[in-house]
Amino acid sequence: MSEENLRFRFAPSPTGALHIGGARTGLYNWLAARHGGGSLVLRIEDTDRERSTDEHVEQILDALRWLELGWDEGPISQASRAESHAAALARLLDSGAAYHDSATAKDVEAWKAEHGTDRGYRGEPSDEGGAAVRLRVPDQGETVVDDLIRGPVRFPNRSYDDFVIARGDGSVLYNFAVAVDDAEMEITDVVRGDDHLSNTPKQLLVLRALGHEPPRYAHLPLLHGPDGRKLSKRHGAASVQELREAGYLPAAVRNYLALLGWGTDDDTTLMSTEELVSRFEVADVGKAAAIFDERKLRWLNGRFMRELSLDEYTAAVACHLGREPDERLRAACEIAQEKAQTLEEVWPLIRFLFEPPVDDEKAWRKVMGDGTRPLLEAAREALGSVEAFDPESLESTLSQLTTQFDVKAGKIYQPIRVAITGSTVSPGIFESLAALGREESLSRIEAAIARLP
RNA sequence: GGCCCCGUGGUGUAACGGUUAGCACGACAGGUUUUCAACCUGUUAGCCCGGGUUCGACUCCCGGCGGGGCUACCA
């Protein structure tokens, strides 16, 4: 390997929110750039002004920032590249490598009906105004994409149309713009989705006509939904924004996404981002499409959540809830940290500390059966008289009741839990009582007793 | 239709011309436990099919089947 300066680029098209597949492509570019000590260029692929909107650009930048995937140059929009594109286009027109052609889609179809479907369309130069520009594609030979992941992939030139590189109004099209940009920005490595593999020969043809050396290419397998089709909105969480709203941690998402299509040779699953950077290699990426499975993400996220310090955890929860990370929230987080797999799951566990108990008929029926009254009354007495209202004291006091009444622990703890939280699920009962405080705990138990039949 | 890519359990993956095909998630069972989560133990399930090459193929080759992508004056 030479000492060349590696330059990667991530070029999302802002026609919607940042898709999970796009996020993985961005991540792989980021990891590869960091791993190789190179730089990452963020280019916005918005040559289609009809579908690309500023709002979508902002969404994508926002998603990237949330994922903590920084870039070294950009974002660069296509508008700022217009002059370069026009100049390159003029050169191809001058050299005869490209020509104006007024043929419509119908004309092309008719041409193929006559010449066979396995042969690409070949047009004739036209002087008509408003004609699109097509690149001349040779009938002979093949264009080879030397892919880092798949090895050499051969495409017969004959099967490609003289494709359109600029519209009648002079604006350029993707396969042309992307080739010009990659060359002029001196991109060394293009890492992108598999859906671009068949387009690569077109870009190579443009590059050749312009006299540029092509970059290295690596085409990533696509991401599919649980039904095996290309991942889309139908498959639940399909965008980074949705992942964020579902309460996942950026570090967990990075770890999970990295594992979708790539693995380590020693079976390591849980990796910090530093470790990802040091171990990731584009050439090691697999070839087969992967299915996005949220269950493993949940597990991974739980692992990351539990490894956070209490301050980090509180900050993350506060941010997710849109609250201040104050002492009260910190105390609540302390007793809930071990319990949740996503940030979204934290609030149901701690809300009893901020609001009255939830009204859950099912929980009540399940737990507040016959014989509950004496147990709750005994608990009320015990809690009223215990000296220190801390988890340790509460445990020793309440555990005495289980021997006194000769019942299983759950028989007495569950009614207390439902009394103070309204739910059968909560953080540890002693911690919960302590966090709620003596006065409020007693009043909620009192209210529960009053409600008993 | 044409061109191209891909094919290891339900999911993500590892390995290799010769292993009892490994790991993780999930599922199931049990343990622990004040609920849940976590944790511990065990079980489950895989090389798409058919030919070749080879002493030997999941691994190499060919064919089939299956899935996917591209085939726009979209990106």
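Student: What makes a residue count as being around RNA strand B, and which of the 65 come nearest?

Tutor: A residue is near a molecule or strand if its C-beta atom, placed from the backbone, lies within 6 Å of it; of the 65 residues around RNA strand B, Ser13, Glu45, Thr47, Asp48 and Gly263 come nearest. This is a predicted model, in which local features need pLDDT of at least 70 and side-chain atom pairs count only at pLDDT 80 or more, while totals for chains, interfaces and linings use all residues. Residues are numbered from 1 along each chain as its sequence is written, and chains are lettered from A and ligands numbered from 1 in the order in which they are written.

Student: How do the residues of that surface divide into nonpolar, polar and charged?

Tutor: With Ala, Val, Leu, Ile, Met, Phe, Trp, Tyr, Cys and Pro as nonpolar, Asp, Glu, Lys and Arg as charged, and the others, Gly among them, as polar, the surface near RNA strand B has 24 nonpolar, 22 polar and 19 charged residues.

Student: Why are H11 and H12 called roughly perpendicular?

Tutor: The axes of helix H11 (residues 310–321) and helix H12 (residues 327–336) cross at roughly 110° and come within 9 Å. Axes are lines fitted to C-alpha atoms, for helices over the stretch in contact, and angles run from 0 to 180 degrees between N-to-C directions. Angles under 35 degrees count as roughly parallel, over 145 as roughly antiparallel, 65 to 115 as roughly perpendicular and the rest as oblique, so H11 and H12 are roughly perpendicular to each other.

Student: Why is strand E2 described as largely enclosed by the rest of the structure?

Tutor: A residue is buried if 20 or more other C-beta atoms lie within 10 Å of its own, exposed if 12 or fewer, and partly exposed in between, with C-beta atoms placed from the backbone. Four of the five residues of strand E2 (residues 39–43) are buried, so E2 is largely enclosed by the rest of the structure.

Student: How do you know that strand E1 pairs with E2?

Tutor: Two strands pair if DSSP finds at least two bridges between them, and four bridges join strand E1 (residues 7–10) to E2, the two running parallel. Within this pair, Phe8 stands opposite Leu40 in E2.

Student: Why does Thr117 count as exposed?

Tutor: Thr117, in the loop between helix H4 (105–115) and E5, has 8 C-beta neighbours inside 10 Å and therefore counts as exposed.
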